[in-house]
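Here are a few friendly notes to read with the model open beside you. Take the points one at a time and find each residue as you go.

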Amino acid sequence: MTMSTASDPSAAAPLLDLQTLVAAVRRRRRLWCSTALLGLLLGVAVAVLLPPPPTAVTKVLVAHQGDQPNDPGTLIRTDAALLRTTRIAGEALRSLGSSGKPEDFMRDYWGTGLTNNLLQINATGGSDAEAVARAGALADAFIADHTRRMREAADAEAEGLLDQRDRLRDELAQVNEEIGEGPSQSGPEASAYRESLFARRAELTSQISDFGERAAQARVGTPRLIAGTQIVDAPHAVRHSLPRTAATNAALGSALGLALGLAVAAVCAVTADRPVLRGEIAANLGASVIAELPRRPVAPWRHRWNKTEQERLTASLARAVRDSTEPVSLLELGAARNARMIALDLAGALAEEGPTVVVDGLPGRRLSDHHPKPGDPAVIDGERAAAASHRGHRLGVGSVAPGTAWTDLRYLGTRTVLVVRAGYGSAAWLHTVARQLADQRIAVIGVVLIDPDPRDRTDGTLWNGPHAAPRTERLPVMRTARVPDDDQEAR
């Protein structure tokens with residue numbers, strides 16, 4: 001049975017790996033922290049630079065003809081909509097003695113239904129006094145309009161009932177006239193007809209009385225509704241607290257900025273396809289991760305651990321250089337500063353055993369411009385590397401970033417250690433690096449991962465060897481021993 005922690009490219013990979021997405025978003029914490037901070041600052045700036053205008057509020061108790069306990073708030077929402085009409089706005093402006101347009105005035109106030117019968121009116125103005133006057137005028141105009149509508153509805157209902165009563169009275173008079181004249185004939189039929197007239201008269205008399213009572217009740221209930229519609233909270237200015245407003249705006253801005261930053265980070269992580277986990281980086285490069293180092297100076301309580309890790313890496317690379325019969329190089333991808341420090345530490349360790357030369361192939365001659373101290377190894381650029389003596393140890397330092405001259409890498413060393421920053425190169429570029437090194441017949445000893453994800457639990461060791469594109473002739477990279485499977489043992 002073969003153990004394997006590296007992903008097989010031939011296997012169907014999921015469209016979205018949640019662990020990779022979370023790790024990539026977490027690495028972009030500067031982005032979403034910056035957007036959250038920006039949202040917080042914008043919220044505070046809006047509260048300070050754009051304070052709300054002076055606002056007044058009043059509450060009106062509204063009585064309706066068709067009030068029901070189970071009303072879902074339709075009537076009060078209708079009242080709030082009627083408040084924002086040109087008729088009420090015009091009446092309020094006339095009571096204020098203003099010549100403004102009702103359409104413009106409607107933008108300065110609004111109504112909110114608090115309960116089925118309680119309407120809150122908010123109005124803004126140039127000052128607190130003006131806002132209070134506007135709120136009071138709007139409340140009075142709404143009450144007057146509501147009272148007029150209820151009275152007109154009651155009058156219309158009463159008139160309809162009285163009209164129906166008068167029609168029945170006319171019919172009753174006709175029936176009484178027929179009863180007074182008496183039947184022209186005698187007999188059972190005449191007697192039955194006379195009885196029907198008496199029954200009809202009694203029915204009409206009852207209906208006339210009923211319609212009269214209903215008309216009276218329609219007018220009697222209106223004063224009660226009119227009296228029930230009144231201002232229950234006098235107009236008063238709303239006091240705004242700048243610290244409270246700033247805190248509220250800051251919290252909302254920070255939440256929105258954080259959400260926006262997380263969304264942008266997630267989209268960028270999906271579209272960029274930059275491997276962050278050590279398992280993905282090892283699989284794409286076809287080499288195991290042999291060490292991990294932070295990109296920036298670590299916290300004081302982790303300084304000892306970082307120093308120990310650097311010393312272990314230096315000792316491990318020094319043994320690899322001593323045991324190798326071919327020159328060894330360090331090739332960086334997004335970690336030029338770390339590669340420079342590793343190269344200087346490794347060269348210093350090798351210089352204690354004999355002559356050591358460091359060949360600088362980094363862009364910008366970063367090592368050649370280094371001012372060595374007495375006893376430090378010599379640093380030469382790539383142009384003088386061919387003429388230099390090959391006695392002692394030789395260590396090359398270069399780059400595999402985009403724009404690299406691939407054919408020059410072999411002069412730095414035919415065996416190399418890749419110093420790769422997590423999340424720097426895309427998966428396609430890591431494949432390109434692996435293929436180009438294979439074409440140049442440069443064996444990869446291992447990968448030094450810079451700035452790893454602290455919550456990464458993937459395994460950066462390749463148990464099944466490299467996963468690179470097939471080539472007609474390729475020098476295999478260093479790998480661990482592979483356990484034969486059952487079929488091979490049987491053969």
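1. Start with Arg441, which is partly exposed, with a relative accessible area of 43%. That label applies because the value falls between the limits of under 20% for buried and over 50% for exposed. Arg441 sits in the loop between H13 and S11. Please keep in mind that this is a predicted model. Look at the backbone here too: Arg441 is not a glycine, yet its phi is positive, about 60°.

2. Asp451, a residue other than glycine, has a positive phi near 55°. You will find Asp451 in the loop between S11 and helix H14 (486–490).

3. Now turn to a pair of helices. How do H9 and H13 lie relative to each other? Helix H9 covers residues 278–285 and helix H13 covers residues 427–439; they pack at an angle of about 40°, and their axes are 8 Å apart. The two helices are therefore oblique to each other. In case you wonder about that pair of values, two packed helices are described by the angle between their axes and the distance between the axes.

4. Which residues of H9 and H13 meet? From H9 come Ile281, Asn284 and Leu285, and from H13 come Ala427, Leu430, His431, Val433 and Ala434. Sorted by type, the residues of this contact are six nonpolar, two polar and no charged.

5. Ser426 lies in the loop between S10 and H13, and at 22% relative accessibility Ser426 counts as partly exposed. Leaving out residues up to four places away in sequence, Ser426 touches Ala272, Asp273, Arg274 and Pro275. Ser426 and Asn284 are 142 residues apart in sequence, while their C-alpha atoms are 9.6 Å apart in space.

6. Next, the nonpolar cores. The largest one has 27 residues, of which Leu285, Leu409, Leu418 and Leu437 touch the most other members. Several elements each supply at least two residues of this core, including H9, S6, strand S10 (415–421) and strand S11 (443–450). Its largest share, four residues, comes from H13. Apart from this core lies another, of 25 residues, among them Leu293, Val358, Val379 and Val397.

7. What does Leu418 contact, once neighbours within four places in sequence are left aside? The partners are Leu285, Leu331, Leu437, Val444, Gly446, Val447 and Val448.

8. Glu326 lies in the loop between helix H10 (303–323) and strand S6 (328–333). Is Glu326 buried or exposed, or in between? At 37% relative accessibility, Glu326 counts as partly exposed. Beyond residues up to four places away in sequence, Glu326 touches Thr414 and Arg415. The side chains of Glu326 and Thr414 are joined by a polar contact of 2.5 Å. Glu326 and Arg394 are 68 residues apart in sequence and 9.1 Å apart in space, from C-alpha to C-alpha.

9. Not counting residues up to four places away in sequence, Asp145 touches Arg87 and Ile88.

Terms used: Residues are numbered from 1 along each chain as its sequence is written. This is a predicted model: local features need pLDDT of at least 70, side-chain atom pairs count only at pLDDT 80 or more; totals for chains, interfaces and linings use all residues. Side-chain values use heavy atoms; hydrogens and water are left out. Contact means heavy atoms within 4.5 Å. Buried means under 20% relative accessible area, exposed over 50%, partly exposed in between (1.4 Å probe, protein chains only). A polar contact is a pair of N or O atoms within 3.5 Å; within protein, one must be able to donate a hydrogen and the other to accept it, and residues adjacent in sequence count only if both atoms are side-chain atoms. Axes are lines fitted to C-alpha atoms, for helices over the stretch in contact, and angles run from 0 to 180 degrees between N-to-C directions. Angles under 35 degrees count as roughly parallel, over 145 as roughly antiparallel, 65 to 115 as roughly perpendicular and the rest as oblique. Ala, Val, Leu, Ile, Met, Phe, Trp, Tyr, Cys and Pro count as nonpolar, Asp, Glu, Lys and Arg as charged, and the others, Gly among them, as polar. A nonpolar core is a set of buried Ala, Val, Leu, Ile, Met, Phe, Trp, Tyr and Cys residues joined through side-chain atoms within 4.5 Å.
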